[in-house]
Amino acid sequence: MIIRNRALAAVAVVGAVALTASACGGSKGTGSSSDAAGKSSFNAAVTSIVNPSTKKGGTLQFWANQDVDSLDPTRSYYAFAWDLQRLYARTLLTYPSQPGTAGLQLTPDLASAMPTISNGGKTYTFKLRSGLKFSDGAALTSKDVKYGIERDFAQDVLPGGPVYLQQILDEGQKYPGPYKDTDPNKMGLKSVQTPDPQTIVFNLAAPNSDFEYYLAMGASTPVEQAKDTGANYQKAPLATGPYMIQSYTPNQAIKFVRNPNWDQSTDPVRKALPDAINVTITTNADDLDSRLLAGTADLDIGQVGVQTAAQAKILTNPQLKANTDDAPNGFIRYIAMDTKVAPFNNVHCRKAVEYAANPTDLQTARGGPTAGAIATNMLPPNILGHDNYDPYGLAAGKAQVDKAKQELALCGQPNGFSTTIAARNNKPKEVKTAEALQASLKAVGINLTIDQYDGAQSSSVIGAPSVVHKKGYGLMVFGWGADYPTASGFLSMLVDGRQILADGNNNLSEINDPQINSLIDKAAAETDPKAAAADYTQINHMVMDQALYLPVVYDQALNYRNPRLTNVVFLQALGMIDFASLGTSDGK
Amino acid sequence: MGGRRSLQGEAAAPGQPSAVLLYIVRRLVNVVVMLLVVSMITFGIFFMVPKLTGTDPVYLYVGKNATPAAVEGLRVKLGLDKPLYEQYGLYLKGIVVGRDYSTGTGVEHCPAPCLGLSVQNEDPVWGDLTSDLPITASLAAGASVLWLILGVGTGALSALRKRSIGDRVTMVTALAGVSLPIYFTGLLSIYLFCYTLNWLPDPSYVPLTQDPVGWAQNLILPWITLAFLYAATYARLTRATMLDVLGEDYIRTARAKGLPERIVIGKHAMRSTMTPILTVFGMDLGGLIGGAVLTETVFNLHGLGNAALQGIQKNDLPMIMGVTLFAAFFIVMANLIVDLLYAAVDPRVRLA
Amino acid sequence: MTKSDSAKTEAVIDVSASSSGAPTSFLSVRNLRCHFPTDDGIVKSVDGLSFDLERGKTLGIVGESGSGKSVTSLSIMGLHRNVGKKRGPQISGEIWLDGQELINANPDEVRKLRGQKMAMIFQDPLTAMHPYYTVGQQITEGHRQHNPQVSKKAAREHAIQLLDRVGIPQPDKRVDQHPHEFSGGMRQRAMIAMALANDPSLLIADEPTTALDVTVQAQILDLIRDLQKEFGSSVIIITHDLGVVAELADDILVMYGGKCVEKGPADKIFTEPEHPYTWGLLGSMPRIDRELQDRLIPVKGNPPSLINLPSGCAFHPRCPYVDRTEGRSTTETPLLTNVGENHLAACHMPLEVRQQIFTQEIAPRL
């Protein structure tokens, strides 16, 4: 009884919030919506630059309902923290502030040009721009870039960040990181050379088409060795970008001010429009939304979408909706079919599932069209190599019972079969997805038993093939997101037959296809990311043709931007608004 | 309650000051023992439970894509590489004499009382907690004053006007206060007072020493919200206790002496009514200083409750341990103070 | 009802409860009714009670629990709450104290009399004293309430004197102790001291010894008697035990079912009781001089419901002689009738029959 009352109360809150928030929006807004109204529209930032401007000044009011994992770029893995790093931490290469796929193509940042690649794709040589400085005024040299990369190796002291560079650059040296480096200058990593202060050379053991993308991560940002405070560096990291951290109160606020030692002439990527940027961390997500709609907050930098109360308000108000974007953030939700669990060893039984599933119902289970578009294949739109390949007509959003029955007959199971579908118990949407699929498949005689397992243990449950076989999981609901926007970084883990691990396995279909494997190798050897992307388009088609995965949705998040923001760009590489390009129209 | 009252009568001697002092010392020793037990249990939960389920506890604390080196680094940092008793010993030692932690480039000293370093930001947990404490203490202090006045006042009036319309309205309001979640009352009050009426600033904490008016302005809504919740309980408790007390023979005696009602109620009845309320109040206040998670969340106050929440969300073991011990400390101290006050209020209670 | 009966009735009323003017007695209760509305019906705790008490005299009111004796005392003291309110007691009749009527008086006027002109001693001294205040505080409080000019120090001295007077050793130390530090008898002495703080003219003692040991009982009763002589107060002692008032009371009033069934001088009540209920009380009274203790006979049956009193004589369901009234007991309410000088009883049995029964059947057993 009490629970029901509380549920009612919660509904009442939503209603009350919706009512009162509307009153605030009109009275307190600081945004000059009259200027912006003509230019802004729903999803405008995804395809164009909203409110282009070069007007400087003002303070950006960023809000978040959780703190960054770390301000030390070496130790950070949160997507919005990576986006924030674009304000203060520059890297050799970075993503340009461009909408659409243009924003996926790397551009020189600290480097004066794209690298010279030699030695059969194994040697990358970068020249730094001249006049680069740290925020303390010290000149920035190639040694600082190398030192910054060496820090990635000190995982014992600086855990938390991506380790791609460590994995690819160690080359058997077992380099322990600069803190345990026996070299007096702490320059002991052999695979990286700094022949002069402007030049840095990387020698890879094998070609790797993703290498440049690793260098675009904050974890490769230069660090001045004399100012490195190890584990404490995250409290006050030096800046190389246009802004530096003035103050940081964990879980409460970050204040950025202009970095006097940053020179616009050395930085073609950033416009550095606002004078200051405040990040306020609140504990109340609903309150954050009302501040956004009231215009007292500029952006929710978490970028994971507004809460349900605000969403309902936005979607029913065209004026509010015009200030939102709802674009794929790089996550795909899917249902894996295990080729080692009968009858999914037969491709026709897998295809039967593809056809019998109702994509609209599955999308609804994930939260409807706002939460994600129906996925037709395994590469999301913000990954290079994506196309609209749809061999099973999933985009139509309807179950195709006849085709499913044909496939069942070909599979030798004309009357259907029974199997188990695994879903993480701590992910309600995955459980709902399993229930939606259960309902659709019943129409063709495929009976699903839903097994909700401890979601925190997923790497040792569905990530352990032996457990999967024992439990008879024919189907597994899961999700996957990329750290960087190449197909190799995204898809290879899911389909590389040599990556089937005993524990922590991500190739849930357990596919080991020589053709796919060799294409993966071919793509890795490409030096041109576009060529690698083309290889993966092919791999993606093969994966779909073999019906290894039933794609569900490409995740989206409905995010609101204050109409006073200028230069708003949805950066596909990070799946969110680019924080570094923003300015204010009112100069406040 | 009955157990600690001595009703034997003439044999009782008035408490000697030295006896009271001895009692306090003994209780303080108990507090230390209690905190040791709490720390052991907390320690046990976080280290033993993963072991029982066959998981390496360090994996609870490592992030995405943790490398073996990162896992080992964290293991050493959290002391998980040592036997459990040694880990616990080191923890206690840190509290007494402080600890040193390697930062890679140097050594960071965590001064006593060192509750470890927060996994989130490498800061000593003690410092984080003591900087959060004024916020929670401000919240608790203001709210408790409000709810005592409101709750006891309305409860007493209700008892005196039993079955009147005022009594019924008060009790229904009190029931609503107990039933409505902080999320409802809190959010509603923010939207009403901060947005619609523009009477108050959006809540955020301003230190009392910096700007007393701003401090109160920013805290008034959380105070009222929290006070509403507790005042309801206190009104009901006061009403029930007061009705019991009003039925006592000694109240009739007071009237038989010809005392006016304001003395009969305000002095004789109130003093007896306040005793059980004092007990509950001490516990509530102690618990509240341990953190008012919901209120702090709704009003964006970064107090101890928020620290606990963040600690749990980020698997920050030293922070969780710290908050737990901190909260336990305040609860047992509140318990002690309540017992002392109880003895001061009720002469039948002897400190023994 | 016969004509002669009603004539007798009028005579009775003339004696005790007629004129509307101020009576000459110090305390005069006339036709007191005290009815409590409850969910089950109206509880008629006191229903038409009248009596007088002269200055310096002692009246014993005797009856079982529920007979209305305590309600009577609370009515005199004005201690009923919510009088006249919807769910409160309905009180009617007159109570005259030293020429002042109390029932219709301003409650604040009555309050000023409480603790000063009239005071009360309660049954259980442990619960009747506030556990958190010292005995001294509780004595001086009432004293200073009515004598605000008295200094704290003087009030304390007065309290010590009172404690000394009621026989508490080391009164200067005891004055600062709390009730729980006193024994039961000591507490009752302190309670008496509290009641005497303002030298009241009327002292009501409600079962003053019931909660005490037998040996202490006698001491307390002696104390009350001594104090009465010393202070010259009028005293009402309320008890269920006739023995308590045997040596103390000048007059005795026996209550049953909210009404007076017999009243008269104490010696008459003990030697020539005229009501079967009084006989029962006498029979159930433990007496040191009684020869045959095994013949101690309690009154059979239970006290009557005050909501639905038995018809006729309320005592008839328990009366062994109900067959001697030709059925009148079950239909007619007997009226208080003069049976001797200042001696009244309410019984349908003819006087001669009663006297015969008492001398032949009852007296030998006592």
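Is Ser45(C) buried or exposed? The first view takes this up; all views show a predicted model.

View 1. Ser45(C) lies in strand S2 of chain C, which spans residues 41–53. Its relative accessibility is 7%, so Ser45(C) counts as buried. The cut-off for that class is under 20%. Leaving aside residues up to four places away in sequence, Ser45(C) touches Cys34(C), Phe36(C), Ser67(C), Gly68(C), Val71(C), Gly258(C) and Leu306(C).

View 2. Strand S1 (residues 59–64) of chain A pairs with S11(A) in the parallel sense, over two bridges. Within this pair, Trp63(A) stands opposite Asp300(A) of S11(A).

**View 3. A hairpin in chain B.** Strand S1 (residues 99–102) of chain B and strand S2 (residues 107–110) of chain B run antiparallel, joined by four bridges. Ser102(B) stands opposite Val107(B) in S2(B). Four residues lie between the two strands of the hairpin. In the turn, Gly104(B) has a positive phi of about 95 degrees. In a regular strand, side chains alternate between the two faces of the sheet. The covered face of S1(B) carries Arg99(B) and Tyr101(B). Its uncovered face carries Asp100(B) and Ser102(B).

**View 4. Two packed helices in chain B.** Helix H5 (residues 165–179) of chain B packs with helix H7 (residues 212–246) of chain B at an angle of about 135 degrees. Their axes are 7 Å apart. The angle makes H5(B) oblique to H7(B). The crossing of H5(B) past H7(B) is left-handed. H5(B) contributes Asp167(B), Met171(B), Thr173(B), Ala174(B), Leu175(B), Gly177(B) and Val178(B) to the contact. From H7(B) come Phe228(B), Leu229(B), Ala232(B), Thr233(B), Ala235(B), Arg236(B) and Arg239(B). Eight residues of this contact are nonpolar, three polar and three charged.

Conventions: Residues numbered from 1 in each chain as written. Chains lettered and ligands numbered in written order. Predicted model: local features only at pLDDT ≥ 70, side-chain atom pairs only at ≥ 80, totals over all residues. Heavy atoms only, no water. Axes fitted to C-alpha atoms, helices over the stretch in contact; angles between N-to-C directions. Parallel < 35°, antiparallel > 145°, perpendicular 65-115°, else oblique. Left-handed = near helix turned anticlockwise from the far one by under 90°. Contact = heavy atoms within 4.5 Å. Nonpolar A, V, L, I, M, F, W, Y, C, P; charged D, E, K, R; others polar. Buried < 20%, exposed > 50% of the residue type's maximum accessible area, 1.4 Å probe, protein only. Pairing = 2+ DSSP bridges.
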